[in-house]
Amino acid sequence: MTAICEYKPGLENIPAAQSSISYVDGQKGILEYRGINIEELAEKSTFIETTYLLIWGFLPTKEELQAFEHDICYHRRIKYRIRDMMKCFPETGHPMDALQASAAALGLFYSRRALPDPGYIRQAVVRLMAKIPTMVAAFQLMRKGNDPIQPRDDLDYSANFLYMLNEREPDPLAARIFDICLTLHAEHTMNASTFSARVTASTLTDPYAVVASAVGTLAGPLHGGANEEVIEMLEQIGSVQNVRPYIENCIERKSKIMGFGHRVYKVKDPRATILQKLAEQLFEKFGDDKYYAIALELERVVEEKLSHKGIYPNVDFYSGLVYRKMGIPTDLFTPIFAIARVAGWLAHWNEQLAENRIFRPSQIYTGDRGMPYVPIEKR
């Protein structure tokens, strides 16, 4: 006799894995990577050091971190055949689609399916961490009809990406803030794209396919694409005076308010708090953003109307304003999210391999049974 299991749409609150990578307390607004609070990592660490922590499970020594940074720097460049392939992508295509195709293409050059080999694991981690930012920046320039900019070995991870993207060396404050943004987005327990990565990893396919599948999942507006929708919402609202009627209309129609609410957090997302402070640092040095006042009023009105339901700003609400102030196009917000989240995906890939069992969930069948076949002439 088959056991009857409770069905929960979206597998809400159903554990899919045991993991020691990150921890979230949605009631208290706590996020930790390997037990270290996200606020402390944002203040004291770097994205590459945090990546090492997530994937290998411990903070590196100075020598280990220098070796990791050196290897990533050495592998930043992409093969000309991948560049030629990307030049054939339509200019109107979304950068997330370009990134998914490019990430998958890396497997054609580097996949060896040598998963029992620790050397191959490290090599795959280094290549994906190194080349994903290069491909995002390259597509941005190619779709404008320009050749991509080669990486600069004298710049660190975040500064180099901004250099390749904008064709000029970034301001040190902007580079540091961007690095913190990557740290904040690097990992967040069993979200949709991470679950996709672990399901793909459980088949023992190559890590490039794992990342490509996760990129495809992240592309959706209910996941990584939400920060793009936030900017569109702010543009649509247009002024502080329009905020309250907009929110009241959303509540009346029961439509989603982009950048608010989270499946886990029932208080303000701790990453949103950090991002808001980062945005203010940028505004103080480079000038105000007219949409920030609208965002503040949005947060105030939503808290007034919906805080009793545990709806507060999430990570997407302020991240778009930070990227916008850096001059980053709106449709690159999610690819930048992906650059950061590769660290988390690879951490879960590595963890999945340690005690792997292929995912094979069950289903609850709701269709008909015992139906006769009807010949085509009688239909």
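Hi everyone, let's start with Ile 177, which counts as buried at 1% relative accessibility. By buried I mean under 20% relative accessible area, with exposed being over 50% and partly exposed in between, using a 1.4 Å probe and protein chains only.

Before going on, a word on the model: it is predicted, so local features need pLDDT of at least 70 and side-chain atom pairs count only at pLDDT 80 or more, while totals for chains, interfaces and linings use all residues. Residues are numbered from 1 along each chain as its sequence is written, and side-chain values use heavy atoms, with hydrogens and water left out.

Back to Ile 177, which sits in helix α8, residues 172-185. Helices here are DSSP runs of H or I with at least four residues, strands are runs of E with at least two, and both are numbered from the N terminus. Which residues does Ile 177 contact, leaving aside its neighbours within four places in sequence? They are Leu 278, Gln 281, Leu 282, Val 322 and Met 326, where contact means heavy atoms within 4.5 Å. Take Leu 282: it is 105 residues from Ile 177 in sequence, yet the C-alpha to C-alpha distance is 8.4 Å.

Next, a loop residue. Asn 314 lies between α14 (290-306) and α15 (315-325). Asn 314 is buried too, with a relative accessible area of 7%. Neighbours within four places aside, Asn 314 is in contact with Gly 259, Phe 260, Gly 261, His 262, Asp 269 and Ala 272.

Now please look at helix α16, residues 333-354. This helix has 22 residues and reaches 32 Å from its first C-alpha to its last, close to the 32 Å expected at 1.5 Å a residue; the expected span is 1.5 Å times one less than the number of residues. Where is the kink in α16 centred? On Arg 341, with an angle of about 40°. The bend at a residue is the angle between axes fitted to the seven residues ending there and the seven starting there. α16 is also mostly covered, with 19 of its 22 residues buried.

Leu 11, in the segment before β1 (22-25), has a positive phi near 55° without being a glycine. Leu 11 is partly exposed, at 44% relative accessible area. Arg 34, in the loop between β2 (30-33) and β3 (36-37), is not a glycine either, and its phi is positive at about 50°. Arg 34 counts as partly exposed, at 21% relative accessibility.
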